[in-house]
Every structure is written in C-alpha cells, then in structure tokens.
Amino acid sequence: MKSKLQTGLARLRSKFTDALPIILFFLFLFYSVILIFGISHVILVSVVTILFKINYRRYMTARQLMVLAGTQFLMALLSFLATLNLPLCIMLNLTVPFLLVFLQSSQFNQLGYYTGAMCFTFLQLRPVGWQGLAMQMAALAYGLAVMTVVLFICSRRGRKGDDFALAKKGLLLLAAELQSAAAPVPENGKNLADSLFPVLQGLYKEAYKSRGLTNVVNDQGRIQYMFALLFQRSFYFLTNPYQESTLADESCRGILLRLAGYMETMGKEGFVQGSSKVFLKQGKELLAETAGREEAPYIFVRNFLGLLLLILEDLRRMDENAPSPGWRLPVYRRPIRRLFCHMRTDTFETRFALRLSVVLTVGFAYSMMSQANHGYWLALNAFLLLRPMYEDSASRMKSRFIGTVAGCLLLQLLLPIFHGTGWHFALATVMAAGLYMEAAGTWQQALFSTCFALTLTTMALPQTLAAELRFLYVVIAISMVLAANRFFFPTSLKSQFTYNLNQLLHIHQVYLRLLERSLRMPLDYGVICDIQIHYHLVHDQIQEYLKKAGHEKEGFIREMLWISWYMVSEAEQMLYLINSRKISSMDNEQMDDYLIYTACIISDIQKQLNMRADHVPAAKETMAYRRSMEGEERLSKLMEQYSKQVSRLYLCVCRQTENANINS
C-alpha cells in the first residue's frame, strides 16, 4: 500500500512538473485578461494556451510565429462574421472548417486543421457584436503577443544540438553495423540493421512535418530527408546478400571500417556550429580513397559520401544563414490545384472535412436559432469529440461522458463548501492545473474540464441548472457525433488501412511513370522527394495498423511490405541514376519496354488483389523484356534486382489468391 502511494505521488509530481510551464502560462493569461479586458473574454485564454502547449517545445523562427499569430487573427475575423446572422453562420461553418481540413490536414498529419479550427470554433461561442469587436481583437492581440514573446524566448533558450538527434543515432547504429559486417568473422548484425529502419522512417516523418504551402520540405526538412535516403540506401546495401563475397577482400573491409570510424565521430560529436567544415574536409579525403575501385563496398562508400557531403554542405549553409534552393511542391500537391482538381470522396481529407463542417454547422445553427441558455456547449462538445478516425472519436465520447458525470457530481460536493467569488476562482485555478496535467481525451481531463467550466458558469447560473445543461449538451453532442461518424462519410483505421494497401501498389506505378518521364527530361527533385516521403509514410501506417489491430492475412501483408520496400529502394536508385544523367549509354527504347512490362505485371497484381488497377499501356509482342542495360553495370544490377522483387511479389500474391480460393 505504501509503495503504491509513493508511486502514485511520484507520477503526480512528474505530471505536474511536465505541465508546469503550460499551467503558469494559462494562469498568467487567465487573470491578466480578466483584469484588463473582463471575464467575458476568457474563452481566448484556452485558445492561446493550446497554441502555446502545441508549440512551446519546438524551435520556431520569427516568421513562423508571425504566420501563427496572423492565422489566428484571420480565424477570429471569420468567426466574428459567422456570429452576425444565420446565413453567414451556415455559409462560413460549411466552408471554413472544410478548407482548414482539406488544405492543412492529411492522413499523415490528421490534426493539421486543429489550431485554426479551434480559434474559429471557440470565438463563435460568445458572440460580441460590432460593439464588442474592437475589445475582442485587442484581447486576442494581447494573448497572442504574450504567447509570441514566450515562444520566441523558449525557441532561443531551448534550441540545442538535437535538431538532428535521429540522424546522429542512425550514424552510430550504421557505424556499428559496418564494423560488424567488415569484421574477419562477420557477426550477426540483423537486429542492429533492423534498428536502422525505425530511424529512417522517423526521419521521413520529420521531413514531412516541415512541408509548407509552396515547398515540399524546408531547409531542415531537406536535411532530414537526405539523411533518411542515406540510411535507406545503407540498409539496402547491408541486407542484400550480393555484397557478402566482396568483404573477403581486406581492402574492402578497410574502407568500410574507415567509413564507420568517420560516421562514429560524426554521430558522437554531432552537428554543432562550424563542425560541418571539418567533416566536409575529412569526407572528401575519404572519398578520394575510393577512386578507381568498382567493388560493391567501394561503390557503396562513394555513393554514401557523395550524399553525405551534400548534407554537410547544406548544414554549412544553415550555419552561415545562407539561403539554399528549395524543392518546390509538385503542382498536384498545391492547395488550389488540390481543391479544384483532386477532391475525391475516398480520401481522408475530403471525408473528414465534410463531416466536421456539417457537424459544426448544425451545432452553431441550433445555438443561433434556439438562443438556448448555453446552447453553444453543443457545438463546443461536438468539436472536441469529432476526431478524424472513428476509433479515436468513440474513445473520446466514452471518456467525455464519464468525465462530465464525475465532474458534475464532484462540484455538487465542492461548491457548497467553497462558495463566494474568491473561492470560485481558487477552485478554477486548481481545476485548470489538473486540466493541463492530464492527457487530452482521457476521462480525467474531461472531469477537470467540466469542473473548470462549471466553476465559472455557476457564478452566473444556479449550480443545479448549470450541471444539467452541461450533461444534456454532452449527451446530445455524443449522439450527433456518433451519427455523423457512422453514417456520413465515415473514416476508420480499418478503412484507412485498406486505402493504404491500394496506395502502396499505386505508388509503384507512379515510380515507373517517373522513370519513363525522366528518360526524356530531368524531373524537378520536389516531385521525387514528395513521392519518396509519401511511400514511406504509407508503409509506416500499414505497419502501425498491423501492430495495433493485426489482420487475418498479416503474414502475407508483411511479406508484401518487405518486397515492396526493396522495390522502392531499387526504383529510387534507378531514378537517381537516370534523372541525374549518370548513365552514358542509355537505350531509351529498351528501358521503355522494361517499364511497360513491369507496369503490366504490377497492374495484374492489383487486379488479383481486387484493387483499383492503374491504367497502363498494353505490352506489345514486338517488345523485348531485357533486365540489363549493356555497358551500365550499376543500372543493370538494379534492373535485375527490381525484376526479381516484382517476380517475388507476383508469386506471393498468386499463392495468397490460390489459398483464398481453396479456403472458400
């Protein structure tokens, strides 16, 4: 009993310590807004505090902070217009949440809409009219100014040399694996090689997070992406059996060991200011040692260092604050093009955007038409309960209901004891601290949220009436959100998993089309970067689903995933060779035939799996399917390996189809 109590107290202390910056920020803003602008504007405090909570651990530039604040002002003005009359309420609640989700969220960043939609939603809860607009904007400006100053200080004081912590970890893991592979008696480094995979997947995620409206990645995201590519190629080299025979050569082992030592130093020292120049010099010296050698380890080291030196050049430019050429977002990913040309009801963005906009429209239209006492609680709870995935929404509905009931009962006991304005604020302070200590979506957080809201509400409403209204609107919101999630463009983890499996094979067809286009003219690297990141994030989501939910065909799907991963690694390397014009004797007609044949096989695989097959030109009898390119050893090896992987995938699918037919 004593040990359980100590453990509980330690956990509570840890939660409080972690949440302390957020609690202090909230309390300062809460009481200062009340003193300066009045209690009617405290709803702004929740909005600004959530923004602070999301961003205070991040490094943010002055420009990013200005964009963040500017977005909130825009949302505040739109929310004000939505409160003026019913037609504007319906029109803006149908369009603004839809655009926020469709343009700022994706299946890989499902809550990208949240900060903008939160401000738009929360500021509609308490209409101020034209006479109160200036005061509301002043209160918002004050809150955002405080947040901006604090975040700017946090960014400058909290920025450490861990921007590339994953990359440093990967360098150390890869160095250890190379040392193992180059040992006279190679050790079994399978587990160590496998540990690289989460690192490179994590780097692709970090690169994706840096995406902007015009660039596929920013400067830091570009480095994360290139590190991910570096580790992907290394993982491919280390897990391919063709390189094992070359390691019998002592000089091949020696070059790998020297590379391992170089990476180990880099991983331990990190990328501190000015270190990139030193590493650049050492890397160029090591690169010179690989000249004239064509064994697999030497080619690997040469290619590895070529990409690593590009990374170090970018790091040097970042140290010197020199601008670097950005990779433009592909045309089909740009907001306007997506909105008018790529809106499909089978995508996550469209389905959730429609659901959110309709739910908020219904909630606010009811509040405006009924003028019911605290009717805005319906829209508020609906917004908080409606999540992109059905499973998350269902979990929040359950916890919100339990927390609301518990909070109402708790306050029935506390308020008779702590009555009076002073005690109300003291109780609100305690409940606010608990609110930010608990994880979002839990019943404990819902309890503290209910207690905080009712503590303030009961200063104007009778205690029993406030509790009844709170409970009533939570129940109605749960019913409304449940109906929307079940019957109006539902999205669930299972449906997203099925969609991702379709995407996996579709991306292989996209790679083949990119290879075909690159034969005619070099592609913009933003297109290549976009499809590469997209593939790896889809691959990761499929794996995450299998870990959580499993699948009756899990063994088959995992085998398909690994084959697919090797195919993408080989396709990426072929695309690099062709697009960078490192091929001197390319036979375009032969390569066209190779790509068309391969596309037909993958299309057949899609049909066997009952997926929507990509339209590909039919293979003609006059075509020759040759899996090598005369005079191009590197490309030929990749073409041969890629063809073997396609054959493996085809056989794997045929076995699965045959087993399914037998079982049925």
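User: What span should the 20 residues of helix H10 have?

Analyst: At 1.5 Å a residue, helix H10 (residues 250-269) should span 28 Å, and its end C-alpha atoms are 29 Å apart, which agrees. The expected span is 1.5 Å times one less than the number of residues, and a helix is a DSSP run of H or I with at least four residues, numbered from the N terminus. This is a predicted model, in which local features need pLDDT of at least 70 and side-chain atom pairs count only at pLDDT 80 or more, while totals for chains, interfaces and linings use all residues. Residues are numbered from 1 along each chain as its sequence is written, and side-chain values use heavy atoms, with hydrogens and water left out.

User: Which residues of H10 are buried?

Analyst: Among them are Cys252, Arg253, Leu256, Tyr262 and Met266. Buried means under 20% relative accessible area, exposed over 50% and partly exposed in between, with a 1.4 Å probe and protein chains only. Helices H7 (165-181), H11 (275-288) and H12 are included in what covers the buried residues of H10; contact means heavy atoms within 4.5 Å.

User: What comes just after H10?

Analyst: Gly270 follows, with a positive phi of about 75 degrees.

User: Changing topic, how far apart are the end C-alpha atoms of H16?

Analyst: They are 35 Å apart, in agreement with the 36 Å that the 25 residues of helix H16 (residues 390-414) should span. The buried residues of H16 include Arg396, Arg400, Gly403, Cys408 and Leu411. Helices H15 (376-385), H17 (421-437), H18 (443-457) and H19 (463-487) pack against the buried residues of H16.

User: Is Cys408 buried or exposed?

Analyst: Cys408 is buried, at 9% relative accessible area, whereas Cys154 is partly exposed, at 27%.

User: Which residues lie nearest the centre of the second largest pocket?

Analyst: Arg233, Asn303, Tyr576, Leu577 and Arg634 do, out of 39 lining residues. On a 1 Å grid over the protein atoms alone, a pocket is an open set of points where a 1.4 Å probe fits, with protein on both sides within 12 Å along at least five of seven lines; lining residues have an atom within 4 Å of a point.

User: Which helix gives the most to that lining?

Analyst: H12 does, with twelve residues.

Definitions and conventions:
Helix = DSSP H or I, 4+ residues; strand = E, 2+ residues; numbered from the N terminus.
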